[in-house]
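Trainee: Hi! Could you walk me through this one?
Mentor: Happy to, let's bring it up.

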Amino acid sequence: RAVAMSVSHSSRLNKLVREQYMRLPQDGMVQVTYVWIDGSGEGVRCKSRTLDKEPKSIEDVPEWNFDGSSTAQAEGSNSDMFLVPVCMFRDPFCLDPNKLVLCEVLKYNRKPAETNLRHTCKKVMDLVKDSHPWFGMEQEYTLLGINGHPYGWPDNGFPGPQGPYYCGVGADKVYGRDIVESHYKACLYAGVRICGTNAEVMPSQWEFQVGPCEGIEMGDHLWMARFILHRVCEDFGVVATLDPKPMTGNWNGAGCHTNYSTEEMRREGGLKHIEAAIEKLSKRHDYHICVYDPRGGRDNSRRLTGHHETSNIFEFSAGVANRGASIRIPRQVGQDGYGYFEDRRPAANCDPYAVTEAIMRTTVLNETGVETKDYADH
């Protein structure tokens, strides 16, 4: 009974009845679901419309609009916001030929909304395209019941200490694998570049990885993977939180570790380029901390304590195979002399556009200090 009460009412609706309608033919019409980031910089919103034929490319999907006053993105007196399609995926919920379309949000004057961080990220990625930056991001998240309590945890008290849960197997080790596997399959169907998943250190905490993606595609694919995760959880009646420290005390937080390389880092002798990039990052730690969560570092201050496999938020560190460092060079990369490195500072609720843009500004465009350069006129 305790487990049943922690899931949403809508998840208990008869899904077989729904399937009866989902099998109905569409007579050539196509449902397109527009997805965008709301005014929180963390939440996603969506709405759908009908097109009279299947879009073959993003150019076939028309711009649309929405009420920004209801998403904390505009005032009621001037609330229309533009949805500009930027990336299209197959729809794993309504199935082919239906589509999910990720959109940028523009204000009434066609300027990017405050939480549209893709706009500047795209400019930066276009500038550095010759370096062929590859990213892989490891998205940690925690499953909650709708009562806000970690899913599967005892109603009164706590599960046993951390240790048996990471990559665990068994009903007493992991909670919610059905959700994880459904999300994985849905991402593969959609065309999201999901590349793996595992149970994490805290019980009911999980991780999926997206990548390798080049340039702007990293943010596009991670945001769509997040949207699909929230939709899958909705079907199961639970909540996925990206809070960087969902449970206080002796429990691991949640990050979004970011693996990164340029073409020269991936070539023979690339380790010297990796070390040069880390040196640049070491001199700009405060800037990166400010953009690695949506609240200028306040969220990460709860997570980056120097404990629970994290570095201290006030200190920059790097090391081979060191999970307590800001930057980890994988042991294999140290042995081979080329490859990639992992920035372990981004919080689980970071905006991947902000993270990847910051890394490129520092390591390729050689920016320093806390101010960023405006490349709009270049």
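Trainee: What should I know before reading the numbers?
Mentor: This is a predicted model, where local features need pLDDT of at least 70, side-chain atom pairs count only at pLDDT 80 or more, and totals for chains, interfaces and linings use all residues. Residues are numbered from 1 along each chain as its sequence is written, and side-chain values use heavy atoms, with hydrogens and water left out.

Trainee: Ok, which domains does the domain assignment give?
Mentor: Domain 1 covers 8–114 and domain 2 covers 123–362; such bounds come from an automatic or database domain assignment. The C-alpha centres of domain 1 and domain 2 lie 26 Å apart.

Trainee: And how many residues of domain 1 are in contact with domain 2?
Mentor: 20 residues of domain 1 are in contact with 24 residues of domain 2, where contact means heavy atoms within 4.5 Å.

Trainee: What does Leu143 touch?
Mentor: Not counting residues up to four places away in sequence, its partners include Pro150, Tyr175, Trp206 and Val239.

Trainee: Switching topic, what lines the largest cavity?
Mentor: Among its lining residues are Trp36, Leu102, Arg118 and Tyr353. The largest cavity has a volume of about 80 Å³. A cavity is a set of points, on a 1 Å grid over the protein atoms alone, where a 1.4 Å probe fits but cannot get out; a pocket is an open set with protein on both sides within 12 Å along at least five of seven lines, and lining residues have an atom within 4 Å of a point. Points are joined across faces, edges and corners, and a volume is the space filled by probe spheres set on them.

Trainee: Then which residues lie nearest the centre of the largest pocket?
Mentor: Glu114, Leu117, Val291, Asp351 and Ala354 do, out of 24 lining residues. The largest pocket has a volume of about 400 Å³.
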